[in-house]
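User: Please take a close look at one part of this model, the strands and the salt bridges that tie into them. One connected account will do.

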Amino acid sequence: MSSNPRETWDFGRFVQTLVDFEALPFMGCLKRILQGQTRQPTSSSGGQNMGVIVVAGATGGVGKRVVERLLAQNYAVRALVRDTNRARTILGDRVELFEADLTIPETLTPALMRDAIAIICCTGTRVQPVEGDTPTREKYYQGIKFYLPEVADSPEAVEYQGIQNLVNLAVRCLPPADQQMIFDFKSPNAQIAELWGAVDDVVMGGVSESEIRLIEGSALFSGIVSTANSGGFASVRTKNLTPPLDLSQFSGIELRLKGDGQRYKCILRGENKWDGIGYSYSFDTTANQWITVRIPFTDLVPVFRAKVVRDAPRLDTQRVYAFQLMLSKFEYDGALNPRFNPGGFALYIESIKAYGGNTTPRFIHISSAGVTRPGKPGLNLEEEPPAVRMNDQLGGLLTWKLRGEEVIRQSSLPYTIIRPCALTEETGGQTLRFEQGDTIRGQVSREDIAQLCVEALKLPEACQRTFEVKAQPGLAENNWKALFQELDRD
Ligand SMILES: NC(=O)c1ccc[n+]([C@@H]2O[C@H](COP(=O)([O-])OP(=O)(O)OC[C@H]3O[C@@H](n4cnc5c(N)ncnc54)[C@H](OP(=O)(O)O)[C@@H]3O)[C@@H](O)[C@H]2O)c1
């Protein structure tokens, strides 16, 4: 008698597996899958940027442009707004709205920060014409030298206490600067359960069976692996992510898990295919003990159905399409897994993160040129912009902005503080000049400031920098990295 008796193969489960992974919308597709052909990617815009960016002041002149640019670069955006109905008309449907007011701490709940990796803060005290003056909104955006202004809210509340409230929440809720959560099974979001499903050796004729289930505090990958019908693996994997994840800023994947003493595999996929090359890493578990497993991208082995593909390119970490966890009788090229036991198994997974990223700004704040000038000895007020000249009439607007900056600088957050000169509605794309010391005067378009905020998100060189910015004559591609490299650290 054979030690692996032939058992009945379950065609129904095979089809269900394909349907679960949206690999079977119709039978023609099944043929393509079995022939290993790709499906058409549904996005051509490169990788999904990791995590959510929270934009405070998203309904403002700069904020709405920041949102536009983040969406164009495949970021998920959550807009902190004071009035969701108004915000929806300004920002459209692609943005998650979160109603809150910086000056009311109770409205700033951790839900604002769920899955967030950074905040771009474009808020500002509303400045309006004094009664009797009725300029159009366009006139308002030209700047306060075109009308007699007054503040509509308290600058102390918005620019200082409000920023303090937001920074407190950010410090509590933003992830460590060099890590990024990918799957948080401890406090899972709604999509996680939809994304993961079982792929067992039934796809090759075997009879192993597994499942992944969310339980208190983790996900449980469990089942029975049978070696009958030349089978011997069970796995769970995600659907192909669209767009794929961009993990190129990081050096590897970190798993937090508790196993049963067996050796498992973690597999990443770099193609939008059902059955292409997987990039695999084997790791041992310790029975009933929580451990952290770090998988450097450079240690991943390219495999096609457990055979090493020696001439395969490295995983393109800019486009990671799927994650898979597997228990298999086999290691690679027919070698046996030395810690494999057929039968029941259980692997608890608390989280899957990316680790080893560069520290990039987590809090990008728009302040203003001139914040250090009110009351400065020897200042020629005639030459100064209206916000400096009228600081007292405007409730100490710039003074409170400076206090807000100090809150950010004294926090533990990686930050960038941008101090624009007078903002204009002009088209962007101008050459920018960065300065420190708060002496420059000039203008800069809201479009370019919005672009600058989005570029700073990606640049380690932008951390712990406070600087003024204005436009120079002429249009040019800005070399953002070079601009930041010229600046001194605070
Ligand atoms: N104008 C200039 O020449 C100039 C120069 C240098 C720097 N700046 C600064 O640059 C920044 C951006 O300017 P901008 O023209 O885009 O400003 P803006 O159009 O006036 O937008 C301000 C945004 O802040 C929001 N906001 C105000 N108070 C809030 C609160 N308590 N809670 C939550 N959100 C609040 C507003 O929301 P609502 O839509 O609900 O009002 C709005 O979305 C401001 O800080 C401004 O002071 C301006």
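**Strands and their salt bridges**

R263 and E331 are both buried. This is a predicted model. Their side chains form a salt bridge, with 3.2 Å from N to O. R263 sits in strand β13 and E331 in the loop between β18 and β19 (343–355), so the contact ties together parts 68 residues apart in sequence.

Strand β13 (residues 263–269) also pairs directly with β18 (residues 322–328): 5 bridges join the two, and they run antiparallel. Within this pairing, K265 stands opposite M326 in β18. Both strands belong to an open sheet of 7 strands, ordered β8-β11-β18-β13-β14-β16-β17, with antiparallel pairing.

A salt bridge between R305 and D275 spans 2.2 Å, N to O. R305 lies in the loop between β16 (301–304) and β17, D275 in the loop between β13 and β14 (278–284), so parts 30 residues apart in sequence are tied together. R305 is partly exposed, at 45% relative accessibility.

Now strand β15 (residues 290–296). Its covered face carries I291, V293 and I295; W290, T292, R294 and P296 make up the uncovered one. Strand β12 (residues 252–258) pairs with β15 in the antiparallel sense over 7 bridges. L257 has I291 in β15 as its bridge partner. R294 and E254 form a salt bridge, their closest N and O atoms 2.8 Å apart. That pair links R294 in β15 to E254 in β12, 40 residues apart. R294 is partly exposed at 40% relative accessible area, whereas E254 is buried at 10%.

Conventions
Residues are numbered from 1 along each chain as its sequence is written. This is a predicted model: local features need pLDDT of at least 70, side-chain atom pairs count only at pLDDT 80 or more; totals for chains, interfaces and linings use all residues. Side-chain values use heavy atoms; hydrogens and water are left out. Two strands pair if DSSP finds at least two bridges between them. Helices (H or I, at least four residues) and strands (E, at least two) are DSSP runs, numbered from the N terminus. Buried means under 20% relative accessible area, exposed over 50%, partly exposed in between (1.4 Å probe, protein chains only). A salt bridge is a side-chain nitrogen of Lys or Arg within 4 Å of a carboxyl oxygen of Asp or Glu.
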